[in-house]
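Subject: The model, and what turned up in it

Hi,

Here is the structure I promised to send over. Have a look first, and then read on for my notes.

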Amino acid sequence: MPILGCETIRVRLDKIELRRPCEWGASWLGLYVWNLLELDTFWRGRLPSSRKGTSWLNMLKALVCYRLIDPGSEFRFHREWYVRSAMGELLGEDDSLAQKDKPYRCLDLLLEHRDELFGFLKGQWGKLLGAKYDVLLYDLTSAYFESDPPPTGSGGKKRFGYSRDKRSDCVQVLTPEGFPVAYEVYPGNTRDTATLEEFLDRIEKQYGKFRRTWLMDRGIPTEDMLEKMRSRGIDYLVGTPKGHLTRVEKPLLEQTWMQARESVSVKSLQQESKFYVSVKSHDRVAKDRFPSVPYGTNWKRELKPIFLSPFWLFVSTRRCEILRGNEPQG
């Protein structure tokens with residue numbers, strides 16, 4: 001071998017080991033998005049460090065990136081994710097930042113700033129992404145406790161009673177782009193129908209009386225609540241109760257189909273203050289039916305009649321109701 005004119009080091013390739021690899025790129029991108037939204041501006045004055053020196057701001061950054069990159073429980077964040085990521089290096093923190101109690105304590109500090117945060121994010125999403133608030137999706141999701149029953153007289157939110165799974169309901173409001181604009185956690189015995197009016201007032205107070213359309217499942221509003229919404233000039237799109245289907249099915253059958261976009265056709269019908277639109281989507285039928293095709297069968301042959309069969313989904317664009325049905329042959 002030729003003799004090099006510089007200092008050399010011999011490397012035993014067979015002795016090289018990879019130890020503690022870290023996911024760098026995703027962590028860096030998460031912090032980049034954080035900075036793009038200028039969240040330091042909002043949180044720095046609201047999350048001072050603890051007396052023991054814990055940076056709650058860095059703790060929150062790590063939790064936000066965790067939720068964005070690989071969402072899971074706070075315990076998993078402590079045991080697995082943080083040490084496998086590059087968050088410590090990027091934030092200038094050691095492993096003590098992810099001690100098992102700190103994620104929960106940090107989350108407790110956020111709640112009092114919830115409404116202010118949504119107001120701040122509204123401005124940032126509008127400035128950076130052009131987010132609009134003229135259409136809002138109102139929905140409920142569930143969480144449950146695997147624990148002892150709540151003690152008698154407890155003021156917590158754990159309750160047995162009405163709730164789809166005897167669970168506590170979390171109401172959320174989203175824009176068409178998927179940005180959350182509000183949320184609330186209710187006790188488990190809260191009925192879906194009892195949550196809507198409060199949110200109508202909250203959204204108007206926080207985001208102004210803008211002419212927006214609310215999208216909801218038919219189990220959320222009562223007929224009395226819909227009447228209140230109409231009297232307040234609030235537009236909505238909601239599923240029609242099954243008992244009302246026959247009232248508009250025949251008039252809708254008499255309407256002409258119009259092409260909305262490829263594979264989607266619509267009919268429209270107006271009755272007094274309500275506006276109905278019937279939507280026929282072959283692709284949606286195929287999507288809903290696909291899992292039912294038995295394994296090992298010729299799926300192309302099985303799906304062919306699905307793509308050709310008619311399907312009805314009645315919706316509307318303003319003060320509207322949704323229906324389902326099958327178009328009669330002939």
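E38 sits in the loop between helix 1 (25-36) and helix 2 (39-43); helices here are DSSP runs of H or I with at least four residues, strands are runs of E with at least two, and both are numbered from the N terminus. Please keep in mind that this is a predicted model, where local features need pLDDT of at least 70 and side-chain atom pairs count only at pLDDT 80 or more, while totals for chains, interfaces and linings use all residues. Residues are numbered from 1 along each chain as its sequence is written, and side-chain values use heavy atoms, with hydrogens and water left out.

Most residues other than glycine have a negative phi. E38, although not a glycine, has a positive phi of about 55 degrees. With 37% relative accessibility, E38 counts as partly exposed (buried is under 20% relative accessible area, exposed over 50%, partly exposed in between, with a 1.4 Å probe and protein chains only). S263 also has a positive phi, near 70 degrees, and belongs to the loop between strand 6 (258-261) and strand 7 (264-271). S263 is partly exposed at 22%.

Next, a helix pair. Helix 7 (residues 114-129) packs against helix 8 (residues 196-207) at about 55 degrees, with the axes 11 Å apart; axes are lines fitted to C-alpha atoms over the stretch in contact, and angles run from 0 to 180 degrees between N-to-C directions. The two helices are therefore oblique to each other (under 35 degrees is roughly parallel, over 145 roughly antiparallel, 65 to 115 roughly perpendicular, and the rest oblique). On the helix 7 side, R114, D115, F118, G119 and K122 meet R202, Q206 and Y207 of helix 8, where contact means heavy atoms within 4.5 Å.

Finally, the salt bridges: the whole structure holds 20, each a side-chain nitrogen of Lys or Arg within 4 Å of a carboxyl oxygen of Asp or Glu. One of them joins E74 and R67 at 2.3 Å, N to O. E74 is buried at 13%, whereas R67 is partly exposed at 42%. Another pairs E197 with K228 at 3.6 Å. E197 lies in helix 8 and K228 in helix 9 (residues 223-231), so this pair ties together parts that are 31 residues apart in sequence. Salt bridges with shared partners also join R114, D115, E184, E198 and R202 into one network.

Best wishes
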